[in-house]
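Work through the exercises below with the sequence and the structure side by side. Try each task before reading its solution.

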Amino acid sequence: MAGFLADKVVAVTGGGGGIGRAVARAVAEEGAKVLVADYGVGMAGEDPTSEVAQAVVAEITQNGGEAIAVGDDISKMESGERLINTAIEAWGHIDGVVAVAGILRERMLFNMSEDEWDAVIATHLKGHFTVFRHAAAMMRKQESGSLIGFTSGAYVGSVAQANYSAAKGGIVSFVRSAAVGLHRYGVTANAIAPVARTRMSANVPVELAEMGDAEDIAPMVVYLLSDKAKHVTGQVYTVVGSKIAVWNQPTEVRAMWADGRWTPELIAARLDSNIGQERMGLIDKLEEIRQAAASQDKPNG
Ligand SMILES: NC(=O)c1ccc[n+]([C@@H]2O[C@H](COP(=O)([O-])OP(=O)(O)OC[C@H]3O[C@@H](n4cnc5c(N)ncnc54)[C@H](O)[C@@H]3O)[C@@H](O)[C@H]2O)c1
């Protein structure tokens, strides 16, 4: 055992598959005791099975590690509570939570059903709250702990993923709020926007410019869980292959003032020349893709 996380107790939601499995295995290899929490569902959240979490626990214990499987649906409040209570009962403390569980239900906004919206928001955004909420209560008492959320580059906007993108943006705001609220108790909160070859990324219809393996994400998670990262909080990191990038801290970029209260006429006269000129890069990129596709469609000559 390398021991980067010796004596720590870490819960990994979605730890039964994809990136979560790679994280759970790496965390165990570094000496942590691991709760592998996974509902064992298909990519849209269907057909749950407890075998998925149990299989990863078997892999960890075969390698000499310690792990417990929890097969609950993490979008439920009682699942988050049970997960943290299981850690406390088994090992007495909880030092890290890594919220990786996620599903996809892609649909254009004008066709998206209420159920497609609710299920994605519940699994991703509420699935962070259910565990972070109960972990934070313990971590506050311990005066230490590390919360790690999983967002996505899609949080800046995504064509047929309004539900997923909104959940991932919510996770960034949630993690930032946890970082601010828990700082005085010695608890950190950060988010990772991963890109990795899994069944989820295989479902994305466009070729991603950067790609790597689920195992490439784990070292950054291990670092953020460790005592070496006690000063790191409120950050969003992209992790893909051999690249780690940090996102900016959101801030206003420019402002304008009226002489007194604004009128719509004054705003119309001045907004375009000063404020609101930044185009969404995504819109331009989509336009490029459409034009390239249209020129390929044209018969030669
Ligand atoms: N793979 C990528 O390139 C990529 C890109 C951006 C963001 N992400 C995010 O990274 C995370 C992991 O993605 P992945 O590619 O490994 O996906 P994956 O589909 O391979 O794994 C997701 C895991 O979450 C579990 N899960 C789903 N709903 C659950 C629930 N309600 N309760 C408990 N467990 C549940 C599944 O059973 C599965 O094991 C997700 O949050 C995803 O949105 C992934």
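**Exercise 1: A network of salt bridges**

Task: Find the salt bridge between D227 and K230, and state how exposed each partner is.

Solution. Step 1: the side chains of D227 and K230 meet in a salt bridge, with an N to O distance of 3.9 Å. A salt bridge here is a side-chain nitrogen of Lys or Arg within 4 Å of a carboxyl oxygen of Asp or Glu. Step 2: D227 is partly exposed at 47% relative accessibility, and K230 is exposed at 52%. The cut-offs are under 20% relative accessible area for buried, over 50% for exposed, and partly exposed in between, with a 1.4 Å probe and protein chains only. Step 3: K8, D227 and K230 are linked in a network of salt bridges.

Before going on, note that this is a predicted model, in which local features need pLDDT of at least 70 and side-chain atom pairs count only at pLDDT 80 or more, while totals for chains, interfaces and linings use all residues. Residues are numbered from 1 along each chain as its sequence is written, and side-chain values use heavy atoms, with hydrogens and water left out.

**Exercise 2: Salt bridges between separate parts**

Solution. Step 1: a search of the whole structure finds 13 salt bridges. Step 2: one of them joins the side chains of R25 and E59 at 2.7 Å, N to O. Step 3: R25 lies in helix α1 (residues 18–29) and E59 in helix α2, so the pair ties together parts that are 34 residues apart in sequence. Helices (H or I, at least four residues) and strands (E, at least two) are DSSP runs, numbered from the N terminus. Step 4: R25 is partly exposed at 26% relative accessibility, and E59 is partly exposed at 22%.

Task: Where do E210 and K243 lie?

Solution. Step 1: the side chains of E210 and K243 form a salt bridge at 3.0 Å, N to O. Step 2: E210 is in the loop between α6 (199–202) and α7 (218–225), and K243 is in strand β8, so this pair ties together parts that are 33 residues apart in sequence. Step 3: E210 has a relative accessible area of 36% and is partly exposed; K243, at 33%, is partly exposed.

**Exercise 3: Strand β7 and its partners**

Solution. Two strands pair if DSSP finds at least two bridges between them. K243 in β8 is the bridge partner of V240. Step 5: the hairpin of β7 and β8 has two residues between the strands, and G241 there takes a positive phi near 55°.

**Exercise 4: The surroundings of E116**

Task: Is E116 buried or exposed, and what does its side chain reach?

Solution. Step 1: E116 lies in helix α4 (residues 114–142). Step 2: E116 is buried, with a relative accessible area of 10%. Step 3: its side chain makes a polar contact with the side chain of R107 at 2.5 Å. A polar contact is a pair of N or O atoms within 3.5 Å; within protein, one must be able to donate a hydrogen and the other to accept it, and residues adjacent in sequence count only if both atoms are side-chain atoms. Step 4: the side chain of E116 also reaches the backbone nitrogen of S113 at 2.9 Å. Step 5: leaving out residues up to four places away in sequence, E116 touches R105, R107, N111 and N163, where contact means heavy atoms within 4.5 Å.
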